[in-house]
Amino acid sequence: MYYSLISSSIAGVDALPVMVEADVGSGMPSFSIVGFVSSQVREAQDRVKTALKNLGVSLPPQRVTINLSPGDVRKDGTRFDLPIAAAVLAALGRIEKSVLKDTMLIGELHLDGRVHSVTGVLPSVILAEKMGCRVCVVPRANRSEAELVEGITIIGIESLEDLLAYCRGEELTVKEEKSESAEDEYTVDFQDICGQEMVKRAAVITASGFHNLLLSGPPGSGKSMTARRIPTILPPLTQEEELEISKIYSIAGLLNDNMPLRKTRPYRAPHYSVTAAGLCGGGKYPQPREVTLSHRGVLFLDELPEMRRETMEMLRQPLEDRAIILSRNGGTFRFPAMFILVGAMNPCPCGFFPDRNKCNCSYTEIRSYRNRVSKAMMDRMDLRCEVKAVSYNELTGKACQGESSESMRKKVVAAVDIQKERYRNEKITYNSELNAPMIGKYCETTDQGKSLLRSAFEKLGLSARGYHRLIKVSRTIADLERDELICEAHISEALCFRCGN
Ligand SMILES: [Zn+2]
């Protein structure tokens, strides 16, 4: 008695097909699971046996063998419980064999037969649809996430009994819960920030070219307030991007029933004590971590000098490649990591320099504090902006109606549209993605501009990377002014932000 059905495994940010085979045959009574599986998958045998027993199905005194193929894909997690149970039921003749044809199943089992939610349902359903499956059977709790995919029937089940009922052709009673997406709008706005015109200008440039930004200023001056609002001025996500981000959050287990589709750009702000693995990913089974959870949004790192050097250095690779590559014995996984890095730091250990009424830090202390951020990291900060403590007048004055996110976003979208058009034949969207040959091609500069660049390069002792980043920011400023030619004024503004701090 043999049966096989389709399930899926997660590798990186995508799902791979997995065939679940069950064979019930003569031999010593046993239950074994083979096929390059983790110990967690192997434990499925206890959950499945007990869940089946509680369903009133006792296994015959025979040898039960489960094989998960292909054998070269490492399988992990509890998502195979449900397909294993279903394959056994079909092999025992408890389920009509034709019913589960062209059907993908995923789900975890409780001992009493209830089906528990799993992560990574969205990418699995996308895969099922691509493979031409008719139906996908998922845990009820994951149904709204699964239903984001069109062209495939989703059956949400709560228990193995539901599965049997579905296979008998019975209509499942579905409690219609509301599911209005909670996260389709931003809850913050740049309007909440008074004054700080320089900072807002820096935010617009950062967002327009997807550049990195370093904010420096005393505690309470609004560094994190600023960072948090940058996603609100980035262009709205396309449908494709919404699905891409939702897939990542599905795998990380951060989607819920109320929030099946991510319509807003991510904002992640891990504490400075975050480990290199927490930031970039590690462990035996790579999962999306902070750099990937920030994909297409903002990664905010406060108190940059407090961060461990090795953790900070881990960021260099994703910042260059816009993705993170992790090799494990189960294969090589690529996680996208196209984010805007916003760093923040105090100007000195106490935070109040240059206000000497409050700050007693010595120049040596200040220098060593700032040097904790490596030069290589500093080099990657395209714009550096000082955030001043807001004056009482600015805070309370009538003029305290800051520019709104909507108005700032209009400028950003116009500048991004120019870039999209310019780079339509390249594989890039933003100025920050330009490589050296592209800079030569797309960053034409006036003669005065060139001489300013030359003197800046010499006087500031810029590295080649720093020099290129300066030109890319100038390109973005020119795009904001709708100028095809980069001129002196654009470069001097970029320089101003490069040298700030
Ligand atoms: Zn100080």
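1. Helix H19 has the length it should. This is a predicted model, and the check is simple: H19 runs over residues 447–460, 14 residues in total. At 1.5 Å a residue it should span 20 Å, and its end C-alpha atoms lie 20 Å apart, so expectation and model agree.

2. H19 has a buried side. Gly-449, Leu-452, Leu-453 and Ala-456 are its buried residues. They sit on the same side of H19 because they cover an arc of only 100° around the axis. Asp-447, Arg-454, Ser-455, Glu-458 and Lys-459 are exposed on the other side.

3. What covers that buried side? The cover over the buried residues of H19 includes helix H20 (464–480) and helix H21 (488–499). Just after H19 comes Gly-461, with a positive phi of about 55°.

4. Just after H6, Gly-169 takes a positive phi of about 90°.

5. Setting aside neighbours within four places in sequence, Val-88 is in contact with Ala-22, Val-48, Leu-52 and Val-64.

6. Now the chain as a whole. It has 501 residues, and 43% of them are buried. Its secondary structure comes to 21 helices and 16 strands. The C-alpha trace spans about 85 × 50 × 45 Å along its principal axes. Take the contacts with a separation of 6 or more: 75% of them join residues 24 or more positions apart.

7. The chain is divided into three parts: domain 1 (2–167), domain 2 (190–405) and domain 3 (434–501). The centres of domain 2 and domain 3, taken over C-alpha atoms, are 23 Å apart. At their boundary, 14 residues of domain 2 are in contact with 14 residues of domain 3.

8. Which elements of domain 2 give two or more residues to the side that touches domain 3? They are helix H7 (197–209), strand E10 (213–216) and strand E16 (383–386). H7 gives the most, with five residues. By type, this side of domain 2 divides into six nonpolar, four polar and four charged residues.

9. Last, Tyr-363. Tyr-363 is found in helix H14 (residues 363–371). Is Tyr-363 buried or exposed? It counts as exposed, because it has 9 C-beta neighbours inside 10 Å, and the cut-off for exposed is 12 or fewer. Tyr-363 and Ala-464 are 101 residues apart in sequence, and their C-alpha atoms are 29 Å apart in space.

Notes
Residues are numbered from 1 along each chain as its sequence is written. This is a predicted model: local features need pLDDT of at least 70, side-chain atom pairs count only at pLDDT 80 or more; totals for chains, interfaces and linings use all residues. Helices (H or I, at least four residues) and strands (E, at least two) are DSSP runs, numbered from the N terminus. A residue is buried if 20 or more other C-beta atoms lie within 10 Å of its own, exposed if 12 or fewer, and partly exposed in between; C-beta atoms are placed from the backbone. Two residues are in contact if their C-beta atoms, placed from the backbone, lie within 7 Å. Domain bounds come from an automatic or database domain assignment. Ala, Val, Leu, Ile, Met, Phe, Trp, Tyr, Cys and Pro count as nonpolar, Asp, Glu, Lys and Arg as charged, and the others, Gly among them, as polar. The expected span of a helix is 1.5 Å times one less than its number of residues. The arc is that of the directions from the helix axis to the C-beta atoms.
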